[in-house]
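Look at the sequence and the structure shown here together. The paragraphs that follow lead through them step by step.

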Amino acid sequence: MDKKEKLSPPKWADTLLSWYCRNDRFEEIQGDLHELFQERINEYSMRKARLLYFWDVIRCFRSYAMKKRIYSSSSHIAMFKNYFLIALRNLLQYKTYSVINIFGLTLGIVCFTYIFLFVNHELSFDKFHENTENVYTVPLTWHFGATVLPTARATSRVGPLLEESFPEVTSFLRIKNPGKTIVKSSLLISQEHQIFYSDSTFFDLFTFPLLEGDPQTVLREPNSVVITSSLAQKYFGNDWQALSLVGKTLNIEGVEYEITGLAQEPPSNSHLQFTGLMSFSTLPESKGGGDFSGSSYMTYISTLGGVNSLSLDQKVDTLMANMFEEGTSVTLDITPLSDIYLESRMETGLGPISDMKYIYIFSLIGLVIILIACINYMNLSTSRSVERAKEVGVRKVMGALRRQLTTQFLSESVLITLMALILGMACIFLLLPLFNQLTGKTFTVVSLLNSDLALALCLIWVSVSLLAGIYPALVLSGFKVNNILKGSFKFSTSGSWLRRSLVIVQFTISATLIAATAVIYQQLNFIQNENLGFDQEQVIAVPFSDDVKKGLTTLKSELGNVDGVLNLAATMQLPGRVQFESTMAHKEGEENRHLMRLIPGDVNYINTLSLKLMAGEDFNDLRDKEKYQFIINEQTAKFFGWDLEEALGQPLKIWNSEWGTIIGVVKDFHFASLHEEIKPLIIFYQTEKYFMHRNLVIKLKTNQLAETIEGIEDTWKQLYPEKPFSYTFLDDYYGKLYAKEQKLGKMFTLFAVIAIFIGCLGLFGLASYTAFQRSKEIGVRKVLGATVPSITFLLSVDFTKQVIISLLFSLPLAYFLMDNWLQSFAYHVEVGWGVMIFSALLVLLIAWVTVGYKSVRAALTNPVETLRSE
Amino acid sequence: MKATELGDFEELVLMAICVIGSQAYAVNVKAELENRLKKRINISAIHTALYRLEDKGFLKSEIGGATKERGGRRKRFFMPTAAGKSAIAKLKAVREGMYKLIPDISNG
């Protein structure tokens, strides 16, 4: 027995054969194979014979051996032809429903595809570098006692230190953004924002192709610069390629840099967007090992393959633990390169940054919108089942199996989805500029034609066809023949609870989106109208460079004489941006130093921004020129435990050495964005010392803005003909701080409108179908004396109930979600009843208008029309 | 290609069946051809040729009796039809006619 089993071919190969082989040939083919097997046993090893048997089974999988389908292939095709023909006829006969279905699905597909493109692009950030998985960034977090101050960057010492201390760290890279730089060539002087200092390892760690130059050496020597093709075109004209720029020089901030390389534009999915790179060796801090003060160097390290970032992180923390004096410490968080864009949430200052939260939100919205469109299809198909019931009955009597009917109805949804898909693709390409404008991306039609999109569209096609089609297909194919043909089949009541729930799902989603949008706009409105504590209207900011700073006193007095200028003062960054966060300050006789924010001020600073002085006076030049003058805000006074008057004259020390006196206390104002609370602030000034100042803020008279700005520009041009002049209105600048929120608001509005629109399409379809179904009932009611309003009410009440139930779900949901979102603002509106009631009424109103139109029309129909024929 | 024409391999299979005589079936056709052509042939190729020749009407077949050597499974025996025989004869005539016209092939 045992031996016999061993001498037989593998069972599972036989099973395979019996699975595919047609019955009438199975015996002879299997017999042939067995015979060959027996022959081989004598010739080869058992193992090999069995293997060869399996190989034969595989080889025999050919047309002569395969099972034929139940129906022959030609009638199979004919059947599908029939399915599509019937589907097309149905589409044409019930145009309203077809339009609703196709249009809804198209909208859903367009939204989904756009969101897919957006999310796909966001997720692709920084994945194009060859070495991505071994490159990390090391953001540094300061701990001053209990105060934790995370930054995206590190000090200049961190990179070299890590390389020295850990063998698994193979190299480091520091990038410093010097802010605005003035670039001069023989053709042009202009300002650039994206020229950074970078270590020579830049092209080792990152994969940015060079058009010219050796990636190993381009950034090695001091005063070298690598520029991108766009910068080359800007400063050397359109024929820059003919000029062989490598070896030529470019003047940056008054220093001649030798162009050592030309780089391609960084791809749009890079968190690092540069137009030029200057060698780090140019900087004085590259000479020494660098120290631990300040943290303005975005630092990257590259590690050996397979290094565990977690264990490295622990080792680094141990290393850093003993570096600092008591009370201060730093930690470094080893962050993978590909997480910088979405996960770190820290401004790098080197390019765009986003948030994973938005990826989740938008993915969810995309899915939800396509779901709403699918629900439309499901509801309209099943509710209209009575029309198709006779067809189903006849097909069944003729011998159609349930499986075949399911195939038929699925093929209908495949057809409709395909139509929607084709229409949708046309829309996707046509609306691309709009989409780019909304998201700030730069997709082109050509860039869309890739395998990702093709795959996504195929996936959409299949999944939407199935999602929308499977339920109706199962319902329609499941009808009982005798019920249908006896005529007792009227309306599928069994599915109506499901249909109602689906409508409730749709409206829950739409109403949530609408309420969320309302809250976002309420908050945006709040931000714009919140009293910031300083005047941002009719104030312009003019940035200046270091060369201008030397003659700042002259410039200020000249500009002060321009007609229409009320006040002006120099400062560093504009209100709304956080100033120096990491400044230590302490009062006399106290050892503890505290973290304070600092703004470099100027004579008339308080006046220019119309800040409100609670005590003391504005900065002036009459005091001790060697000492700092401080104006603090109320928070600082509170922090040190002073009354407003008491604070005046108090000595204060900032950084480590500079003593000065408090000369004024200013009312709290929002010097940072409304995301954070007002914190203790010190504004400082030392007579005519402008070592940190970079902007002039100028308050203008209301009535002659254009002339005044022209006057300022003329004065500037006379004094500094070589320096570019630019200005921003402070309120514009302040508005831009909330660009992200404004974009979110726009996106939500769009999606909410689309969601409610698709939902209403479905509701409209259902309502018109119900009106049609009940037309005889309405006729009889009218004959018996029912009024138009009562009939309208009768028809709308059912839908109204569904919408109200969906509101009961959606409003708490929206409340929960939006309350969560608002917590990211230190100053925010409360999610009130007002917004919720407004959203609820809006949704109800939209639903009523949708249903009401059909209901009123049905109610107005002359009963004769509906009752005449029977 | 018209369905009634003979392919190269089909012709060989057809001739092998004529050679073997009344007991021709897939396995001994395979053996015969492997023997003559001095190369391995997979059984599925033989099957394909046999079933197609039958479809084209060059072969007919019948199921034999139960056998011992293959676990009692029956064999399908193939034999040439009149059309099959004449098709080989015709091809042979064409070949010989043309062969004679080639000058000095034996010296070639």
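Where is A:Leu532 found? A:Leu532 is found in the loop between α19 (496-529) and β16 (539-543) of chain A; helices (H or I, at least four residues) and strands (E, at least two) are DSSP runs, numbered from the N terminus. This is a predicted model, in which local features need pLDDT of at least 70, side-chain atom pairs count only at pLDDT 80 or more, and totals for chains, interfaces and linings use all residues. Residues are numbered from 1 along each chain as its sequence is written, while chains are lettered from A and ligands numbered from 1 in the order in which they are written.

A:Leu532 has 19 other C-beta atoms within 10 Å, so it is partly exposed. The scale behind that word is this: a residue is buried if 20 or more other C-beta atoms lie within 10 Å of its own, exposed if 12 or fewer, and partly exposed in between, with C-beta atoms placed from the backbone. Leaving out residues up to four places away in sequence, A:Leu532 touches A:Phe669 and A:His670; two residues are in contact if their C-beta atoms, placed from the backbone, lie within 7 Å. A:Leu532 and A:His670 are 138 residues apart along the chain, yet their C-alpha atoms are separated by 5.2 Å.

Apart from neighbours within four places in sequence, A:Arg402 is in contact with A:Ser477 and A:Gly478. Between A:Arg402 and A:Leu811 there are 409 residues of separation in sequence and 42 Å in space, C-alpha to C-alpha.

Two loop residues of chain A can be taken next. A:Glu253 is not a glycine, but has a positive phi of about 50 degrees. The loop that holds A:Glu253 runs between β10 (249-252) and β11 (255-263) of chain A. A:Glu253 is partly exposed because 17 other C-beta atoms lie within 10 Å. A:Ser610, not a glycine either, has a positive phi of about 50 degrees. A:Ser610 sits in the loop between α22 (605-608) and β20 (613-616) of chain A. With 17 other C-beta atoms within 10 Å, A:Ser610 is partly exposed.

Now take chain A as a whole. Its secondary structure comes to 31 helices and 26 strands. Taken along the principal axes, the C-alpha atoms of chain A fill a box of roughly 105 × 100 × 60 Å. The radius of gyration of chain A is 37 Å, whereas a compact globule of 870 residues would have one near 29 Å; the radius is taken over C-alpha atoms, and the globule rule is 2.2 Å times the number of residues to the power 0.38. Of the 870 residues in chain A, 37% are buried. Among the contacts in chain A between residues at least 6 apart in sequence, 81% join residues at least 24 apart.

Chain B has four helices and two strands, and along the sequence they follow the pattern α-α-α-β-β-α. The C-alpha trace of chain B spans about 55 × 30 × 25 Å along its principal axes. Of the 108 residues in chain B, 26% are buried. In chain B, residues 24 or more positions apart account for 47% of the contacts with a separation of 6 or more.

Where the two chains meet, the contact takes 15 residues from chain B and 16 residues from chain A. On the side of chain B that touches chain A, α2 (26-37) and α3 (43-56) each supply at least two residues. The most comes from α3(B), with five residues. That side of chain B divides into four nonpolar, five polar and six charged residues; Ala, Val, Leu, Ile, Met, Phe, Trp, Tyr, Cys and Pro count as nonpolar, Asp, Glu, Lys and Arg as charged, and the others, Gly among them, as polar.

Last comes a helix of chain B. Helix α4 (residues 82-101) of chain B has 20 residues, which at 1.5 Å a residue should span 28 Å, and its end C-alpha atoms are 29 Å apart, which agrees; the expected span is 1.5 Å times one less than the number of residues. α4(B) is hardly covered, as two of its 20 residues are buried.
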